[in-house]
Amino acid sequence: MNRRRHVRVDCEWPVTAVGIELTGRETQFDATVRNASTSGLFLEAEVAANLAVDKPLRIALPGGVGEVEAIVRRFLEHGSDGSNLTRWGVEFTELTLAQRAHLARLIFTAARHAADAEAAQAA
C-alpha cells in the first residue's frame, strides 16, 4: 500500500545541495533529483557527505523554484552497487507560496513529458 500523500513524478534534475552540520559547517555538492513531489524528493549524488536522518539541507531547484530548505527523512543507501553513489529521501521544511507554485508547475511539466514519452512509445 502506498502511504504517500503527494503524487511523485520521475525526473532527472541536476541540482546543487548543501548539507549543514551541527557545527554550522556546510558541505556543497552536485546531485540529481530522481523523483519529486510537492512535499519532497528523492536525491542521488556521488558524495561522501554525512547526510544522516534529520540532517538539514539547502537545495537549489530548477524552474524558478530557487533555493529551498529541506531535511533528510530517509537515508536509503550508499555504495550498494560498488560506487560512491548515495540516495536519500528529503522533505521540504519551508516553501514560500511562490516556490510551491513553481514546484507544482515543474512537477506537472515532468509528468506531462513522461506521459508524452509513454504515448510515443505505444504508437
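Predicted model: local features only at pLDDT ≥ 70, side-chain atom pairs only at ≥ 80, totals over all residues.
Which residue in β2 does Gly19 stand opposite? The residue across from Gly19 is Thr27 in β2. Before going further, a word on the ground rules. Residues are numbered from 1 along each chain as its sequence is written, and side-chain values use heavy atoms, with hydrogens and water left out.Overall, the protein chain has one helix and six strands. Walking along the sequence gives the pattern β-β-β-β-β-β-α. The protein chain counts 123 residues, and 39% of them are buried; here buried means under 20% relative accessible area, exposed means over 50%, and partly exposed is in between, with a 1.4 Å probe and protein chains only. The accessible surface of the protein chain comes to about 7500 Å², with 51% of that belonging to carbon and sulfur atoms. Such areas come from the Shrake-Rupley method with a 1.4 Å probe, and for residues only the protein chains shown count as cover. As for contacts (heavy atoms within 4.5 Å), residues 24 or more positions apart make up 49% of those with a separation of 6 or more in the protein chain.

Strand β1 covers residues 9-20 and strand β2 residues 26-36, and the two pair in the antiparallel sense over ten bridges. Pairing takes at least two bridges found by DSSP between the strands. The hairpin of β1 and β2 has five residues between the strands, and Gly24 takes a positive phi near 95° there. β1 also pairs with strand β4 (residues 56-61), again in the antiparallel sense, over four bridges. On that side, Gly19 has Leu57 of β4 as its bridge partner.

Next come the charged side chains. The structure holds eight salt bridges, each one a side-chain nitrogen of Lys or Arg within 4 Å of a carboxyl oxygen of Asp or Glu. One of them joins the side chains of Glu21 and Lys55 (2.8 Å, N to O). Lys55 is buried, at a relative accessible area of 11%.

Another salt bridge brings together the side chains of Glu44 and Arg87 (2.7 Å, N to O). Glu44 lies in strand β3 and Arg87 in strand β6 (residues 85-94), so the pair ties together parts 43 residues apart in sequence. Glu44 counts as buried at 10% relative accessibility, and Arg87 is buried too, with a relative accessible area of 15%.

The side chains of Asp54 and Arg73 form a salt bridge as well (3.4 Å, N to O). Here the loop between β3 and β4 supplies Asp54, while Arg73 comes from strand β5 (residues 66-78), 19 residues away. Asp54 counts as partly exposed at 48% relative accessibility, and Arg73 counts as partly exposed at 41%. Elsewhere, salt bridges that share partners join Glu12, Arg34, Glu44 and Arg87 into one network.

Leaving aside residues up to four places away in sequence, Glu44 touches Ala31, Thr32, Arg34, Leu85, Thr86, Arg87 and Trp88.

What about Glu46, buried or exposed? Glu46 is also placed in strand β3, and at 61% relative accessibility Glu46 counts as exposed. With residues up to four places away in sequence not counted, Glu46 touches Asn84 and Leu85.
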